[in-house]
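Reader: Could you walk me through how to read this model? I would like the general idea each time, and then the case at hand.

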Amino acid sequence: MDDAVTRSYEKQAESLMGALAGTDELRAQAIKDFAAQGFPHAKAEDWRYSDLRALRAEAFEPATHAGEKPEIPAAMTECAARFVFVNGRFSESRSDMGDLWQAASVRPLANHFMANPDRATELVRGRDGVGLLNTALVKDGMVISIPAGVEIDDPVEIIHIMTNAADCAAHTRHIVELGEGASAHIVERFIGDDLAYWTNSVLQARVAEKAVLHHTRLQEEGMNALHTSKTHVNVDADGQYHATCLSLGGKMARFEAHVRMMVDGANATVDGVALTGTGQSHDTLTHISHSMPHTTSDQIFRTVADTRGKSSFQGKVTVEKDAQKVEADQSFKALVFDRTAEANAKPELEIFADDVKCSHGATVGELDEKAIFYLTSRGIDPKTARQMLVEAFTAEALERVENDDIRTAMTAKVNAWMAARASK
Amino acid sequence: MLKIKDLHVSVAEKEIIKGLSLEINAGETHAIMGLNGAGKSTLANTIAGRDDYDVTAGTIEFDGKDLMDMEPHERVAAGLFLGFQYPVEIPGVSNLNFMRTALNSVRKMRGEEEMSAAEFMKLIREKAKDLGMDPEMLKRFVNVGFSGGEKKRNEMVQMAVLDPKLAVLDETDSGLDIDALKIVAEGINAQRRDDTAVLLITHYQRLLSYVQPDYVHVMIDGLIVKSGGKELALELEEKGYADVA
């Protein structure tokens with residue numbers, strides 16, 4: 001990698017010293033590790049489907065936020081609160097705190113560490129260059145702590161907007177903590193303009209005993225954007241984590257979900273839909289590790305790739321030696337519209353226990369011409385017929401979004417995406 | 001209503017229909033009988049507009065309009081219906097959503113107002129009841145997990161909802177037990193009016209005992225070789241295709 005790129009990031013990290021109380025040491029170590037290993041190599045197994053050449057070529061500057069007046073997208077449903085981040089910085093004036101603060105502790109990252117400098121060690125440090133850089137360059141994020149027993153019914157939206165930030169990056173970090181028996185629905189949205197910016201976001205969550213965290217992600221970055229985001233979740237006994245991700249935007253977009261099932265009875269579902277248009281690349285990597293017995297996970301991913309689109313799914317499930325009676329399922333199906341579209345699937349099971357039920361399946365295919373003719377032979381025009389089939393194809397992966405309004409909005413986005421395919 | 005003149009159709013560059021002519025008027029029911037491979041299904045699919053069937057010569061007119069100028073969905077709006085020999089399973093799309101989208105699409109093309117969800121539910125429940133279909137099946141995905149008979153019954157419900165001028169029914173009787181056959185036949189008979197026509201495509205005489213055609217045509221190797229009244233079907237059953245033709 002270009003030394004100038006490394007030097008630029010070292011300088012950025014240096015300038016952030018003192019920005020978040022207690023984190024300097026961690027930041028220094030992260031940038032040191034980054035300088036040593038750089039961005040993941042194209043040949044690194046986990047990164048083989050993600051093209052990081054743009055990241056290696058030049059350093060992305062810190063995004064500024066002064067004077068920008070982006071349009072805030074309408075809420076999809078009644079929200080308990082909406083937190084808006086413009087170019088990576090929390091914008092209090094654009095946010096709506098609702099009455100969430102009455103039931104839960106909600107504050108920006110800087111305030112959180114100012115009050116608890118000792119908690120800096122809880123930041124997930126990251127292992128690869130992208131994750132390390134988030135730790136080295138993080139400045140802002142939201143910390144949401146839901147106390148034991150508190151159920152927040154309406155979703156909490158975190159909206160990331162990138163605007164007028166060409167060649168700039170935003171490294172946000174959100175921390176979500178659910179106490180025993182608590183529940184919440186976090187909705188993350190990513191939007192931006194057509195400039196070549198980089199979103200590098202991490203959300204880390206801890207789901208305590210019997211707590212339920214729903215996590216919905218809508219990735220609608222601009223078409224020239226780079227998007228890398230990681231979710232790190234630890235689930236305790238009888239806790240549940242349910243994630244659904246809809247990926248639409250970005251020139252190169254990568255989403256990673258790392259979920260650790262820490263105690264008996266933990267359950268996780270990680271689902272997603274990626275709709276990949278011409279020249280786009282969507283890469284999803286999941287790693288669900290079952291370290292304890294009687295933990296369960298299920299993953300449903302559906303991708304649709306148009307002409308010269310590329311969608312990839314790498315799903316890894318690890319079952320530790322003593323984690324008996326684990327059930328882990330994984331289903332990946334890809335649709336490609338023609339031969340220039342690409343779909344990659346790499347399911348990976350690492351099982352060290354002997355009494356487990358694990359399954360995975362992966363298929364790649366084109367839209368069923370017989371089904372299209374059947375629909376058109378009943379009076380449905382071919383474009384609507386294809387739309388119906390794509391909606392049906394993706395529906396299974398959106399089914400577990402527990403909020404009806406949000407699920408309906410996501411389905412509408414799938415249909416709008418299909419409606420925009422002129423020739424399909 | 002339907003005028004087919006000197007029709008030639010190729011599938012994958014192999015000629016299947018070799019100069020077939022047929023005229024069907026309002027108020028008539030025709031049956032085309034023939035062995036497997038005679039080109040019966042090819043004819044049905046060509047009328048419906050399947051795009052891998054190439055019409056190399058001849059014309060098909062429907063109500064005075066050239067059918068070849070119309071896309072399959074436009075043919076439905078014009079009043080055509082094809083009952084499939086092998087109805088297609090569509091996972092993820094419910095019968096109700098499918099039929100409501102279809103009906104409203106047809107109404108829109110005809111310049112009519114879309115039907116409200118309540119009106120539509122009333123209509124399809126009524127049609128399903130007439131054809132002995134469990135209303136619960138309307139909520140299920142199109143044909144997924146349906147038995148052969150249930151699939152054919154579903155075709156009849158779709159026909160009843162769309163109320164076509166001309167119904168082309170491709171082997172609608174195959175795979176049906178006698179009770180289902182009677183119900184399907186009732187559905188077809190209900191569709192026979194002065195202003196509609198039905199074209200039955202079948203292997204066997206069985207269905208024709210319940211739906212008595214006005215005309216019977218024998219199709220062999222891509223051509224209609226003989227036409228007659230309903231007695232021709234009985235003759236075929238008795239003597240076999242080789243002797244009759």
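Reader: Which residue stands opposite Ala31(B) in E10(B)?

Author: Happy to start there. Strands are DSSP runs (E, at least two residues), helices are runs of H or I with at least four, and both are numbered from the N terminus. Two strands pair if DSSP finds at least two bridges between them. Here Leu200(B) in E10(B) is the residue opposite Ala31(B). Strand E3 (residues 29–33) and strand E10 (residues 197–202) of chain B run parallel, joined by five bridges.

Reader: Before we go on, what kind of model is this, and how are residues and chains labelled?

Author: It is a predicted model, where local features need pLDDT of at least 70 and side-chain atom pairs count only at pLDDT 80 or more, while totals for chains, interfaces and linings use all residues. Residues are numbered from 1 along each chain as its sequence is written, with chains lettered from A and ligands numbered from 1 in the order in which they are written.

Reader: In what order do the strands of the open sheet in chain B lie?

Author: The order of the six strands is E6-E9-E10-E3-E11-E12, with mixed pairing. Strand E6 (80–83) and strand E12 (223–228) of chain B are at the edges with a single partner strand each, so one side of each has no neighbour in the sheet.

Reader: How many helices and strands does chain A have?

Author: Chain A has nine helices and 20 strands. Its radius of gyration, taken over C-alpha atoms, is 21 Å, close to the 22 Å that the globule rule gives for 424 residues, so chain A is as compact as a globular protein of that length. That rule is 2.2 Å times the number of residues to the power 0.38.

Reader: Which residues have the most contacts inside the largest nonpolar core?

Author: A nonpolar core is a set of buried Ala, Val, Leu, Ile, Met, Phe, Trp, Tyr and Cys residues joined through C-beta atoms within 7 Å. Buried means that 20 or more other C-beta atoms lie within 10 Å of the residue's own, placed from the backbone. The largest core has 196 residues, and Leu213(A) and Val168(B) have the most contacts inside it. Helix H8 (residues 382–398) of chain A gives the most to this core, seven residues.

Reader: How many residues of chain A are in contact with chain B?

Author: Contact means C-beta atoms, placed from the backbone, within 7 Å. By that test, 16 residues of chain A meet 19 residues of chain B. H8(A) provides the largest share of chain A's side, six residues.

How values were computed. Buried ≥ 20, exposed ≤ 12 C-beta atoms within 10 Å, placed from the backbone. Contact = placed C-beta atoms within 7 Å.
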